[in-house]
Amino acid sequence: MGVEEVQRKETVENRGKGLKDYLWFLIPSIIGVGLFMVPIQKDNAITIPVAFLAKQLQGALDDHLPAILTIMLAIVVVLSCVATLFKPNLFMKNGLLKSLFVIHPMWLVVRVLGFIFAFMTLLQLGPEAVWSEGTGALLLYDLLPLLFTIFLFAGLFLPFLLNFGLLELFGVLLNKFMRPVFTLPGRSSIDCLASWMGDGTIGVLLTNKQYEEGFYTQREAAVISTTFSVVSITFSIVVLAYMDLEHLFLPYYLTIVLAGLAAAIILPRIPPLSRKRDTYLVENPDRFDESASKGRGMFAYGMTKALERARQNRSVKNLLQGGMKNVFDMWFAVIPVIMAIGTVAVIFAEYTSLFKIVGAPFVPILQLLQVPEAHAAAQTMVVGFADMFLPAIIGSGIESDLTRFVIACVSVTQLIYMSEVGGLIIASKLPVKFIDLVLIFLLRTIITLPIIVGMAHLIF
């Protein structure tokens with residue numbers, strides 16, 4: 001075989017390899033984008049395919065899901081108690097079982113509490129404060145069934161979005177914008193888009209997964225999960241409709257965007273987020289400097305990194321195993337915590353004066369900003385910390401359109417809700433403590449409130 005023929009054969013082989021690399025990057029990434037970020041309209045609502053699939057499954061299992069969840073929580077508690085207290089070899093020698101069920105004693109107590117609340121709610125046992133429609137039932141019958149199905153589809157399909165180079169490409173392309181404006185790497189833009197089109201929980205799941213894999217520092221992960229896990233368009237519309245202000249959707253969403261951008265620019269630069277360390281949870285050889293293009297064009301450099309990432313993830317078996325591990329992590333670790341912490345939070349909101357007392361300082365602020373019915377609106381400024389929909393429920397009876405508009409906007413831009421995103425953050429490995437969530441919630445409210453009220457006065 002001549003030299004020219006050998007070179008020609010090598011060229012053909014290299015082209016074949018190059019084509020395979022591009023296909024392994026393009027096909028899974030297109031599937032991931034389609035599932036998590038392409039908006040679709042269904043029943044006069046905007047959603048994404050992952051959320052739509054979750055809703056369909058939830059509808060099919062609707063009557064059975066509370067019982068299924070309670071049984072699952074019981075199994076999780078039994079296995080967690082056995083694994084954590086007795087540490088049998090079956091659990092200690094299996095990495096997946098160990099990570100799922102060998103936990104800190106505090107989290108074991110939380111899991112037990114979550115099961116007790118679910119059991120009491122399912123059978124309506126004990127004090128009504130635990131299982132009433134506005135407390136335990138809100139979690140077990142409304143929120144957890146949705147999270148159960150979202151976790152299934154999001155967990156299974158997350159690898160398509162994370163593992164085949166899409167984040168590497170966008171990380172390079174958007175780094176020059178994201179770094180100076182939000183102090184974040186370019187890849188974080190995908191977390192925001194997934195939340196915006198789908199649900200805040202999806203953004204938290206994306207962020208937590210990348211933090212665990214060493215792509216984000218503690219500070220970056222904390223900032224993204226509390227600042228970029230924005231409320232979906234769908235829920236924003238639901239809140240506005242509940243406030244009977246659907247005709248104001250465009251100015252309403254413009255107000256949310258402006259207030260949210262202000263919070264996203266300011267919060268990373270002040271405590272507690274600015275004090276988080278820029279250190280990684282684990283070392284990851286796939287992590288790279290998104291700005292180090294070394295003289296090459298940004299797109300060419302981004303594609304190089306994307307293809308390298310895609311080349312490492314060609315195993316369908318590993319793809320399926322990774323997806324199922326995501327699902328089990330979320331089902332067994334997150335759902336019990338949300339049931340426990342979320343129920344306690346909404347009990348305080350429904351049956352105590354805690355949020356009225358804490359909201360009292362907002363009365364003079366709202367009066368100074370010339371918001372009508374300031375006393376009625378004050379507690380809605382803080383009650384959203386328990387559950388995202390409580391401000392809308394409490395504020396829907398207020399007569400002033402301007403005040404209801406302000407409440408609707410503030411409730412969406414606060415982001416930290418213990419019955420959902422807040423509980424999810426606490427249950428994850430993200431470096432955010434409960435006191436951090438309290439401070440960030442209050443800071444988001446203080447930053448966004450004047451912007452929202454200013455816009456409201458322009459509109460009304």
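Modeller: Cys409 is buried, with a relative accessible area of 0%, whereas Cys81 is partly exposed at 23%. Buried here means under 20% relative accessible area, exposed means over 50%, and partly exposed lies in between, for a 1.4 Å probe and protein chains only. The model is predicted: local features need pLDDT of at least 70 and side-chain atom pairs count only at pLDDT 80 or more, while totals for chains, interfaces and linings use all residues. Residues are numbered from 1 along each chain as its sequence is written, and side-chain values use heavy atoms, with hydrogens and water left out.

A disulfide is a covalent bond between the sulfur atoms of two cysteines. The rule applied asks for a pair of cysteine sulfur atoms within 2.5 Å, and by this rule the count is 0 disulfides.

Helix packing comes next. Helices are DSSP runs of H or I with at least four residues, numbered from the N terminus. Helix 3 (residues 65-86) packs against helix 16 (residues 316-351) at an angle of about 110°, and their axes are 10 Å apart. Each axis is a line fitted to C-alpha atoms over the stretch in contact, and angles run from 0 to 180 degrees between N-to-C directions. Helix 3 and helix 16 are therefore roughly perpendicular, a term that covers 65 to 115 degrees. Leu69, Met72, Leu73 and Val76 of helix 3 meet Trp331, Phe332, Ile335, Pro336 and Met339 of helix 16; contact means heavy atoms within 4.5 Å. The residues of this contact comprise 9 nonpolar, no polar and no charged, where nonpolar covers Ala, Val, Leu, Ile, Met, Phe, Trp, Tyr, Cys and Pro.

Asp21 belongs to helix 1 (residues 3-36) and counts as buried at 7% relative accessibility. Its side chain makes a polar contact of 2.9 Å with the side chain of Arg311; such a contact is a pair of N or O atoms within 3.5 Å, one able to donate a hydrogen and the other to accept it. Beyond its neighbours within four places in sequence, Asp21 touches Leu307, Ala310, Arg311 and Arg314.

Finally, the backbone. Most residues other than glycine have a negative phi, and most peptide bonds are trans. Thr183, however, has a positive phi of about 60°, and Thr183 is buried at 17%. Pro271 and Pro272 are joined by a cis peptide bond, with omega about 5°.

How values were computed:
Helices (H or I, at least four residues) and strands (E, at least two) are DSSP runs, numbered from the N terminus. Angles under 35 degrees count as roughly parallel, over 145 as roughly antiparallel, 65 to 115 as roughly perpendicular and the rest as oblique.
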